[in-house]
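Colleague: I would like to learn to read salt bridges in a model. Please take me through some cases.

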Protein chains: 2
Amino acid sequence: MSSRAGVGAADVRMRGFAERKDVEEVLALLREGSCALDQESVSLASCAGRVLASEIASPVDVPAFERAAMDGYALRGEDTFGASAYDPVTLQLIGESMPGRPYPGEVSPGQAVRIMTGAPIPLGADSVVVVEVCREIDGAVELTEAVSPRKNVGSVGEDIRRAETVLEAGRRIRPQDVGLLASIGVASVPCVRRPRVELLITGDELLPAGSKPEGACIVDSNSPVLQALVDRDGGVQVGSRILPDRMPDLRDAMTVCDADVLLISGGSSVGKEDYAPGLVEELGTLLFHGVSMRPSSPAGGGRLGETRVFLLPGNPVSCLCAYEFFAGPTLRALGGRSRSWPHRRRSATLARKISSQIGRTDYVRVAFDGDRVLPLAISGAAILSSTVRAAGAVIVPRGLEGLAEGEVVEVFLYDDEDAPLL
Amino acid sequence: MSSRAGVGAADVRMRGFAERKDVEEVLALLREGSCALDQESVSLASCAGRVLASEIASPVDVPAFERAAMDGYALRGEDTFGASAYDPVTLQLIGESMPGRPYPGEVSPGQAVRIMTGAPIPLGADSVVVVEVCREIDGAVELTEAVSPRKNVGSVGEDIRRAETVLEAGRRIRPQDVGLLASIGVASVPCVRRPRVELLITGDELLPAGSKPEGACIVDSNSPVLQALVDRDGGVQVGSRILPDRMPDLRDAMTVCDADVLLISGGSSVGKEDYAPGLVEELGTLLFHGVSMRPSSPAGGGRLGETRVFLLPGNPVSCLCAYEFFAGPTLRALGGRSRSWPHRRRSATLARKISSQIGRTDYVRVAFDGDRVLPLAISGAAILSSTVRAAGAVIVPRGLEGLAEGEVVEVFLYDDEDAPLL
């Protein structure tokens, strides 16, 4: 592929974009190139939430022995036939079987063994009578209910059978999956490697997060937001630097980058010191630059060797939006997860119309007003607080001039929704 | 409150429960006693996902200066009136204002300053003409479009005003919130302390997770599941031990526990070695023991001093279910989160009826069959694999005898749902 593939303009600085790609075109370009990274071995204690790289078959039966499903007495079911409250059956109590401490002998007709849930069924016994219908008297046990053979007995492999596939490749590991892996004796788990992500934040005006804003300088808010988004999407941040608006500094930083994903914030637009797109073109492949969307239209992306690069506009809402549309799906795909947005969604009726433009995709911050949803902001890429005040975002697809009042829209919620249970 | 308050039976071992509480009663008991823990200071880099303990007001205006909203030229708007492609206006270019490097002088009539997005507007200028309609020629700039004063100028405090409350107490901190906190100069954030959780797993038959099952011994699967659930719910695991089924060992471990929440797995039922409920009663307050539900009916809970104790049955599905119903909500409430279940939910039609019993709450593992949902298991508390095969759980409330085929039910999904976006 030529290093100019798909690029709208070679140098848009102080000129403007000659053309912009549609969001869908960019997503198609990004989908082409990305599949899950290689695998790594992860300890059982750390594997929850990770993505399984290959299927797991059980090397054992679980349980490996017949076990009691209830607390009670193990015996031969036929010995209990006819037992009732009026006509109890009495059996000789010959010992007990506890979890981890099985009864060593055999149960003969007329005998019973005290047994606790999970303990091995002794030889000779075929069922368990629950404790609630029994009474112990002087080395004997009196039962007031009959049980049929196999009752309250868990068979070998009832939970998991040896050689059975218990988890498929690509599975996001749940809490209970970790328990299952433990129970079949797994100590480490083959997981898709988490993408290593480096952040380069450009701007002479930026002070590091944690500083106080001062004079013409503002505090970098993009790296804290990106760090939290990378965490959410399963990436590992391996570096974060603020760079001055100087081409050699940015070139050096890009040249030494060996992360799976490089996020460059700022320097992506048509300003005089927006060196990032040109450098991606010079050092690698610029796949796209300039997207027909609002905000984030100066977003771009490409490759530097094996590293996926995303150019995120420096304005904080644009940075967030470009991450969500382009970087986030790629990051998740590299980690073996779904490309789709991880937000919870809710349908709601628009309380006011949203104006857009055919050919442009809009990312609109919205708030709830009861059951209805109110657009807060479409423009204002510099107003990070709009994403703090908003409950979520509505996307206006490029085929529409806007969305009418009263229309039902899907809201991508910024928070995980919590409705009461009982 | 007496130490016997709400306890169904003083010693149910080898007798059975005389009575069981309803799930709702237990939830009401638990709701009474729990509110958010105290606060702690958390670094900006670690605060995403945490719960804010007190509201945050901004000490500054953001931005603290007027700034360019676009790349272009700062000038006096009235100088551009009448400019068009046929009749361009030419202004003298006297310098530039870059982010962090403002233009030091003043813009007079007939002059312009090259300016990049985010840079301070120079004295004298009142608007910015975008770069796309300008051309630089020999120290001058030619414009083909007029702008009105204030156009493309961000005013002081347009994002955040000094003294404004930017985030309310109780807010779960979003990625963009971290950015906002950075931009107002915050370095550390007052957050609700994460509950410290200790696990005690009882059972002579248990080998630690990571071992191979052997003979009558099985591998502890409850602590890996609980650890992952505690992580999910914002707790910090401060200890996890496997204890033999001996009362003195359990008593010692309970006595020295100083965690916020103690989860005891196993030893909670009516078996001979089920010491946990009696010990909670002896050393503290047993609030409930025995719940009318399936699975998890031997669940219990109470207090040991300031520590909330939960007795989780040792069977793995019961352990998971008792955690979700009782321990999870308490853990989240202590951490300042919502008590409600964190699962995503989906409505679906039942493909087969679920039988239950009036007066009992059931936790039913279900799978999807297209759009319909199929009950997999109600009983089988020992079959952890049922929660691995299932897509989620349906709860049958105690007022119902069951749920009919064709009924629409709410499924609590085990996985976060991911539907395609575009």
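Modeller: This is a predicted model: local features need pLDDT of at least 70, side-chain atom pairs count only at pLDDT 80 or more, and totals for chains, interfaces and linings use all residues. Residues are numbered from 1 along each chain as its sequence is written, chains are lettered from A in the order written, and side-chain values use heavy atoms, without hydrogens and water.

Colleague: Is A:Asp260 buried or exposed?

Modeller: Buried means under 20% relative accessible area, exposed over 50%, and partly exposed in between (1.4 Å probe, protein chains only). A:Asp260 counts as buried because its relative accessibility is 10%. A:Arg193, at 18%, also counts as buried.

Colleague: Which residue forms a salt bridge with B:Arg101?

Modeller: A:Glu273, with the closest N and O atoms 3.0 Å apart. That pair crosses between chains. B:Arg101 is partly exposed at 36%, whereas A:Glu273 is buried at 10%.

Colleague: What about B:Arg398?

Modeller: B:Arg398 bridges to B:Glu24, the closest N and O atoms being 3.1 Å apart. The two lie 374 residues apart in chain B. B:Arg398 is partly exposed at 32%, and B:Glu24 is partly exposed at 29%.

How values were computed:
Salt bridge = Lys/Arg side-chain N within 4 Å of Asp/Glu carboxyl O. Helix = DSSP H or I, 4+ residues; strand = E, 2+ residues; numbered from the N terminus.
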